[in-house]
Amino acid sequence: MGNIYTKDIKRIVKEIYNQYKDEIKDDYNTNKQIVVRYVDVKSKKVRNRIAGYLTRYYKIMKEKETSPTEEKEEISEEI
C-alpha cells in the first residue's frame, strides 16, 4: 500500500463537497456512505480518512456560513 497524501484527500473532499453539498451531513457514517457511493476507493483506510475529513470540512463550511450573520445580530442588539 502506498502513501496517503493529505493534499489528495483534501482535493477529493473539496470536489465531493462542491458536487454533493445537499447530501453531506455532520454525521461520519452518512458521509462514509456518500464516499462509497461516489468515489472509487479500494482502501478502507483511505475511505475512512476521506469521510472523516469530509465531516470536518462540512462543519467548518457550515460555521463560516453562519458566523457573519451572528456578528450582524450582535451589532444590532447593541444599538
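Here are some exercises with worked solutions on the predicted model above.

**Exercise 1. Find which residues touch the most other members of the largest nonpolar core, and which elements supply the core.**

Step 1. The largest nonpolar core has 14 residues. Those that touch the most other members are Val13, Ile16, Tyr17, Ile24, Val35, Ile50 and Leu54.

Step 2. Now turn to the elements. Two or more residues come from each of helix H1 (6–19), helix H2 (28–38) and helix H3 (44–78). H3 gives the most, with 6 residues.

Step 3. Take Val35 as a worked case. Leaving aside residues up to four places away in sequence, Val35 touches Val41, Arg47, Ile50, Ala51 and Leu54.

**Exercise 2. Work out how the buried residues of H2 are arranged around the helix axis.**

Step 1. List them: the buried residues of H2 are Asn31, Ile34 and Val35.

Step 2. Look down the axis of H2. These buried residues fall within an arc of 100 degrees, so they line one face of the helix.

Step 3. Check what surrounds Asn31. With residues up to four places away in sequence not counted, Asn31 touches Ile24, Lys25, Ala51, Leu54 and Thr55.

**Exercise 3. Locate the salt bridges and say where their partners lie.**

Step 1. Start with the total: the structure holds 3 salt bridges. As background, side chains of opposite charge can pair when their charged atoms come close.

Step 2. Glu15 pairs with Arg11, with 3.3 Å between the closest N and O atoms. Both residues lie in helix H1, 4 residues apart, which is about one turn of the helix. Glu15 is partly exposed at 41% relative accessible area, and Arg11 is partly exposed at 43%.

Step 3. Glu23 and Arg37 form another salt bridge, at 2.8 Å from N to O. Glu23 sits in the loop between H1 and H2 while Arg37 belongs to helix H2, so the pair ties together parts that are 14 residues apart in sequence. The relative accessible area of Glu23 is 30%, which makes Glu23 partly exposed.

Step 4. Asp40 and Lys42 also meet in a salt bridge, at 3.5 Å from N to O. Both of these residues are exposed.

**Exercise 4. Classify the aromatic pairs Tyr17–Tyr57 and Tyr20–Tyr38 by the geometry of their rings.**

Step 1. There are 3 aromatic pairs in the structure. In the pair of Tyr17 and Tyr57, the ring centres are 5.2 Å apart and the planes are at 85 degrees. Planes over 60 degrees apart count as edge-to-face, so this pair is edge-to-face.

Step 2. For Tyr20 and Tyr38, the centres are 3.8 Å apart, with 10 degrees between the planes. Planes under 30 degrees apart count as stacked, so this pair is stacked.

Step 3. Tyr20 lies in the loop between H1 and H2 and Tyr38 in helix H2, so the pair ties together parts that are 18 residues apart in sequence. Tyr20 is partly exposed at 22% relative accessible area, and Tyr38 is partly exposed at 32%.

Step 4. Finally, look for a cluster: Tyr17, Tyr53 and Tyr57 form one.

Technical notes
Residues numbered from 1 in each chain as written. Predicted model: local features only at pLDDT ≥ 70, side-chain atom pairs only at ≥ 80, totals over all residues. Heavy atoms only, no water. Core = buried A, V, L, I, M, F, W, Y, C linked by side-chain atoms within 4.5 Å. Buried < 20%, exposed > 50% of the residue type's maximum accessible area, 1.4 Å probe, protein only. Contact = heavy atoms within 4.5 Å. Salt bridge = Lys/Arg side-chain N within 4 Å of Asp/Glu carboxyl O. Arc of directions from axis to C-beta. Phe/Tyr/Trp six-rings, centres within 6.5 Å; stacked < 30°, edge-to-face > 60°.
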